[in-house]
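Trainee: Could we go through a protein model together, one question at a time? I would like to learn how to read it.

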Amino acid sequence: MKSFRYRWLLLSVLLILIPLLIPLYTHAQTITLEPARDASFFDPECEKASGSGDFLFSGNTDGQGVRRALMYWDIAGSLPAGVEIQSVALTLHVSMSNTGTRTFTLHRLTNDWGEGASDSGDPGGSGDSALNDDTTWCYRFYNKDNPDSSPVWSPYGGEFDASASANQDVGGVAFYTWTSAQMAADVQNWLDNPSSNFGYILIGQEGTNKTAKRFDSREHPTASLRPKLVIQYGTPATPPGVTVITPNGGETVTGNTGTLVQWTSTDESGIASNDLYVSYDGGANFDGIVFGLPDSGSYTWFPANRPTTQAVFR
């Protein structure tokens, strides 16, 4: 049989790995965080607080005003930089409840606040005298010795995004979970821009009396009842890599004669197999050489008798 020698001009080299689609993020992991700070304040009291008590309060009481709860987590100090937040869920435990099911919303806080040593006790719904660094209905960081110098909330009651990040209907004593795509976006932003992280404020149905609920705080002696922020995230994956050793461009090969193809390849998720292709018209069309080839690093190819100077191998 007549054989032809031809110049193989290598225009491009690409070894296609199976699977072809590699996720940008792999290694999904989960971390559970308790708040680094939490507190409650009590409308309309500018000098009442509960920064270190066992409980948080939210909703409207029976004629004694509105309560709101604040929670902050050290996101940047707890997660590796550069990860992708995939989901976020906040679970709170209600330990005391007025009758009926009410909707409670989480809102992203937009200014900083403190957690002092005040403790409103048990049942605790009336608040305690504010101490240094407490947050109150009027003040972000209370100064006990000079209240007028305390940085204020503007407006009173906390500075927060009017759009809720999540909502949940809350009834009697039980666990309740808030989760949403917006919460994942919030936590991603807090990770990427730590200076924007002031946590969430929990707001109940404030237009109706007797809607308040009592939640267990991070100081509660029973660890399982404390607030839990569960974050699932992915670490960046290293893209698959291929290096073709031979041929690497400009070789002359002989038709129907064995030509050694050699490569090295890496992929953290594992390489299932390789597919090899050749084009004789500069990459306009490709013919399959072999499919499902084990990742052995080499293959002996027998090129067709098709003289060309426009061969492309991938």
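Mentor: Let us start with a term: a contact means heavy atoms within 4.5 Å. This is a predicted model, in which local features need pLDDT of at least 70 and side-chain atom pairs count only at pLDDT 80 or more, while totals for chains, interfaces and linings use all residues. Residues are numbered from 1 along each chain as its sequence is written, and side-chain values use heavy atoms, with hydrogens and water left out.

Trainee: Which residues is Ala89 in contact with, leaving aside its neighbours within four places in sequence?

Mentor: Ala89 is found in strand β8, residues 84–97. Helices (H or I, at least four residues) and strands (E, at least two) are DSSP runs, numbered from the N terminus. Ala89 has these contacts beyond its sequence neighbours: Thr177, Trp178, Thr179, Met183, Lys228, Leu229 and Val230.

Trainee: How far apart in space are Ala89 and Trp178, C-alpha to C-alpha?

Mentor: Along the sequence, 89 residues separate Ala89 and Trp178. In space, C-alpha to C-alpha, the distance between Ala89 and Trp178 is 5.6 Å.

Trainee: Among contacts between residues at least 6 apart in sequence, what percentage join residues at least 24 apart?

Mentor: Start with the makeup of the chain: one helix and 22 strands. For contacts between residues at least 6 apart in sequence, the share joining residues at least 24 apart is 77%.

Trainee: What percentage of the 314 residues count as buried?

Mentor: Buried means under 20% relative accessible area, exposed means over 50%, and partly exposed is in between (1.4 Å probe, protein chains only). Of the 314 residues in the chain, the buried share is 45%.

Trainee: Which residues touch the most other members of the largest nonpolar core?

Mentor: A nonpolar core is a set of buried Ala, Val, Leu, Ile, Met, Phe, Trp, Tyr and Cys residues joined through side-chain atoms within 4.5 Å. In soluble globular proteins, nonpolar side chains tend to be buried together. The largest core here has 31 residues, and those touching the most other members are Ile75, Ile85, Trp178, Met183, Leu202, Phe215 and Ile231.

Trainee: How many residues are in the second, separate core?

Mentor: Trp113, Cys138, Tyr139 and Trp153 are included in this second core. Its number of residues is 17.

Trainee: Which residue is the bridge partner of Phe57 in β14?

Mentor: Two strands pair if DSSP finds at least two bridges between them. Strand β6 (residues 55–60) and β14 run antiparallel and are joined by four bridges. In β14, the partner of Phe57 is Arg214.

Trainee: Which residue stands opposite Arg214 when β8 and β14 pair?

Mentor: β8 and β14 pair in the antiparallel sense over three bridges. Within β14 (residues 213–216), Lys213 and Phe215 point one way and Arg214 and Asp216 the other way, and all are buried. Opposite Arg214 stands Met96.

Trainee: In what order do the three strands of the open sheet lie?

Mentor: The edge strands, each pairing on one side only, are β16 (241–246) and β21 (298–301). Five bridges join β16 to β18 (residues 259–266), and Thr243 stands opposite Thr264 in β18. The pairing is antiparallel, and the order is β16-β18-β21.

Trainee: Which residue is joined to Pro155 by a cis peptide bond?

Mentor: Another cis peptide bond joins Asp43 and Pro44, with omega about 0°. Pro155 lies in the loop between β10 and β11. With omega near 5°, the cis bond to Pro155 comes from Ser154.
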